[in-house]
Amino acid sequence: MIDKSLNWIDDRLGVAKGGRSFLDKIFPDHWSFMLGEIALYSFVVLLGTGVFLTLYYVPSAHEIVYHGSYVPLRGQKVSEAYASTVGLSFDVRSGLLMRQAHHWAADIFLGAIAVHMARVFFTGAFRKPRELNWVVGVTMLILGIVNGFLGYSLPDDLVSGTGIRIAYSIIESIPLVGSYVGFFLFGGNYPGTGVIIPRFFIIHVLIVPAILVGLLAAHLGLLVKQKHTQFPGKGKTEKNVVGSPMFPTFMAKTTGFLFMTAAVIFGLGGFAQINPIWQFGQYEPYQISYAVQPDWYMGWLDGALRIMPSWEWVGFGHTIPLEVFLPAVIFPGLIFNILLVWPLIEWYKTKDSNYHNLLDRPRDRPKRTAAGVAMLTLLFAVFFASSTDVMANFFQLPLMDVLWFFRFFVPLAPIVAYFIAFKICHEMRDAENIGQRKRALIVSRTTEGEYVTTASAPRPGDSHEELEAIPVPTFIDTTDPELATAAGVRRVIR
Amino acid sequence: MSDDKPSPLPPATLDDPHLQPATKHPQRMQNLAILAMVIGMVGFVAFIVVYWINASNQWEAGTLALGMLGLGVGTIAWGKYLMPQGPFVEERHDFHSSEPERAAFNAAITGRGGLEVKRRGLLLGVFGVAGGIMTLAFLVPGIRSLGPKPAKSDDNQGSTDDSLFTTNWKKGARLTTVDGRQVMVDDLEVGGVLTVFPRGYEGSSPDQVILIRLAQLGPNDPPYPIAPPGKTSFGVQGYVAYSKLCTHLGCPVGLYQERTQQLVCPCHQSIFNVNAGAIPEFGPAPRPLPQLPITVDATGQMRANGGFDQAVGPGFWERP
């Protein structure tokens with residue numbers, strides 16, 4: 001049966017040759033290589049749940065009277081976007097689960113990308129020949145953040161509406177073109193002519209996802225073409241890749257991991273409430289609530305806005321709201337551009353144009369590691385600055401003190417972190433037996449009553465890791481050995 | 001691709017350690033994997049049942065998650081413990097092509113198509129420019145149709161949209177609550193606040209104004225408890241009215257602290273001193289909230305005594 005259908009396809013497409021070598025592709029094993037998979041699989045969940053949501057969501061700012069099953073809202077005038085989001089949460093069966101899973105998947109998607117990126121950064125996996133894939137990855141991160149913002153803006157609730165208002169003001173702050181961009185995007189001065197929700201909708205469900213899918217294909221295609229990096233270890237060199245074969249081992253593990261990721265997301269979607277828009281209420285431009293905060297991946301931008309002093313530049317009949325433009329446009333622009341060109345920066349510093357397939361240990365590259373730590377410290381610091389009001393309340397401190405603390409903490413902490421990380425890397429490199437398993441010490445007493453300690457024999461690791469790697473043997477399947485190459489890549493001889 | 005000759009792979013036998021599952025008890029692990037997948041099955045069936053009887057969101061999530069968890073654990077156990085673990089090795093090859101291949105590729109790009117035409121560069125240039133202009137031609141409607149052009153100032157002839165500079169507040173406009181009720185002079189106690197709009201524009205974003213009663217003052221008293229410089233006639237009978245749009249990012253400045261007589265923006269904690277013309281005392285807001293001149297007519301109705309003297313809300317390039 002399988003034979004027959006494979007023959008049918010191969011007669012027409014000739015997939016047997018390439019397909020066979022694809023099945024033999026080797027994937028190195030390391031837990032940190034899973035982080036990107038989390039991002040990939042939450043994206044799968046995002047697409048699935050997202051399609052479900054589009055079947056019920058109405059992207060319209062048109063006002064209607066709510067008649068759904070959520071009693072406190074009955075009889076109120078709300079937008080169709082808001083009514084349909086509440087409706088798909090309460091009146092569409094499984095709707096709430098799908099909506100909350102979608103939101104959780106987005107948060108996990110971006111979190112996984114961030115952690116995956118940190119792994120790639122600190123181990124130097126972005127070096128030649130993988131610079132392009134790094135750029136593709138950073139682009140996906142930016143698009144993911146943009147789409148997250150657009151997505152949580154769609155329900156037209158009080159919190160997200162405030163977010164859109166802030167976004168408009170940030171656009172407006174751009175010198176020369178700000179007002180134009182804002183007017184064109186919103187169809188006029190804020191709040192515009194009601195076009196923003198349908199426009200955000202089409203960007204959120206079609207334009208950005210289409211680009212993301214394309215970039216994702218490129219990301220994975222490059223990964224397959226260039227083969228995965230690996231940590232140094234037994235038998236692992238720059239010229240080979242050691243691990244499990246694509247089929248069946250890796251495929252089984254990664255498919256199982258898809259189910260696990262989805263299980264966690266749907267579990268959260270059912271048990272951990274997220275974005276309860278019926279509690280926030282419909283967006284009205286004159287209403288606001290206390291402690292309005294965006295989703296976590298926007299927090300760093302909000303924090304930067306909070307700690308910025310009120311420096312507005314006025315002159316020559318023009319105004320440049322630097323207190324908005326610098327933290328909300330220039331700052332993220334700088335961060336993303338540093339990320340995008342980081343491989344270039346490192347190349348400029350090291351002039352290293354060799355191929356790198358073996359990963360670095362972070363401690364072996366103290367400057368890169370310290371730079372990464374400084375960047376993370378900066379982002380965490382501004383992230384926490386986005387909750388100055390909540391902190392002031394929680395610690396019973398004056399808001400002003402909390403703000404002044406962050407005004408110093410945000411620029412200074414990364415510098416301190418840089419030097420601490422740099423020092424730790426150096427200390428670790430100099431430490432004896434670093435990176436080796438600690439041996440058990442055996443304390444024994446001699447007949448004279450003297451105590452001596454001796455190190456035990458090295459502990460054996462996982463038996464398979466101790467083996468010398470071999471090419472995927474012909475034995476696994478029944479291919480004629482004559483059709484195989486020593487590299488484990490099979491080619492049919494013409 | 002390098003041209004290595006196909007050669008037979010090293011032979012491996014059934015008992016080759018690379019092909020052994022990573023567990024000493026494959027039978028037990030297989031049973032476990034099957035059990036996990038069966039639990040998964042039960043979870044999925046339970047999900048369908050739960051959906052059928054319309055149980056809660058938590059039941060749906062729990063059963064679905066259980067299903068995928070079971071299936072996931074089973075599949076991973078299968079892959080991790082019951083399949084050939086290797087390690088296996090695959091060779092890498094340098095990505096770059098050989099020098100002759102590169103040269104041929106370069107020659108093809110630069111040489112081809114120029115064989116018969118003399119001035120290929122010119123052709124190419126004209127093609128590029130035309131293509132660029134075509135892109136521009138598509139961009140003109142693609143961008144320009146999106147929205148109106150913002151006016152450079154408020155004294156234009158109506159050909160552009162001057163809404164950045166203007167609001168619907170004019171002399172005599174009635175102060176109205178969002179549900180359309182006329183605001184009377186005795187509506188607020190001292191320390192009370194109310195969001196008001198010009199009649200006919202209830203709920204409008206740029207027109208929102210926060211009305212505060214600072215003190216109980218009569219028609220013959222000075223309008224303020226403490227008179228701010230330059231705007232002595234903007235308040236009336238202890239009332240002041242400010243644009244509710246934060247000058248930082250346009251959030252509604254909705255929190256009023258009566259004790260300190262400060263308006264606080266909940267978005268980024270800018271604090272405005274209501275007693276001193278709403279100057280920003282703290283936080284990122286750069287300018288005072290524009291003040292709306294108000295008055296009380298003979299019947300006690302509150303009205304605007306003019307429009308704002310400046311653009312409301314956050315800063316922008318065209319703002320003078």
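How many bridges join strand S9 of chain A to S1(B)? In this predicted model, in which local features need pLDDT of at least 70 and side-chain atom pairs count only at pLDDT 80 or more, while totals for chains, interfaces and linings use all residues, two bridges join S9 (residues 470-471) of chain A to S1(B), and the two strands run parallel. Residues are numbered from 1 along each chain as its sequence is written, and chains are lettered from A and ligands numbered from 1 in the order in which they are written.

Helices (H or I, at least four residues) and strands (E, at least two) are DSSP runs, numbered from the N terminus, and two strands pair if DSSP finds at least two bridges between them. S1(A) is joined to S4 (residues 240-245) of chain A over two bridges in the antiparallel sense, and A:Ile26 stands opposite A:Pro245 in S4(A).

The contact between the chains involves 80 residues of chain B and 101 residues of chain A, where two residues are in contact if their C-beta atoms, placed from the backbone, lie within 7 Å. On the side of chain B that touches chain A, helix H2 (57-81), strand S1 (88-91) and strand S9 (279-282) of chain B each supply at least two residues. The largest share of that side, 16 residues, comes from H2(B). By class, that side of chain B has 43 nonpolar, 23 polar and 14 charged residues; Ala, Val, Leu, Ile, Met, Phe, Trp, Tyr, Cys and Pro count as nonpolar, Asp, Glu, Lys and Arg as charged, and the others, Gly among them, as polar.

A nonpolar core is a set of buried Ala, Val, Leu, Ile, Met, Phe, Trp, Tyr and Cys residues joined through C-beta atoms within 7 Å, a buried residue having 20 or more other C-beta atoms within 10 Å of its own. Of the 165 residues in the largest core, A:Phe109, A:Ile265 and A:Phe266 touch the most other members. Helix H5 (residues 95-122) of chain A gives the most to this core, with 16 residues. Leaving aside neighbours within four places in sequence, A:Phe266 is in contact with A:Leu97 and A:Ala101, and also with B:Ala61, B:Leu64, B:Ala65 and B:Met68. Another core, of nine residues, lies apart from the largest one and includes A:Ile26, A:Val242, A:Ala469 and B:Phe88.

Within chain A, an automatic or database domain assignment gives domain 1 (26-342) and domain 2 (361-432). Their centres, taken over C-alpha atoms, are separated by 25 Å. The contact takes 14 residues from domain 1 of chain A and 19 residues from domain 2 of chain A. H5 and helix H12 (299-307) of chain A each supply at least two residues of the side of domain 1 that touches domain 2, and H12(A) gives the most to that side, with seven residues.

Definitions and conventions
Buried ≥ 20, exposed ≤ 12 C-beta atoms within 10 Å, placed from the backbone.
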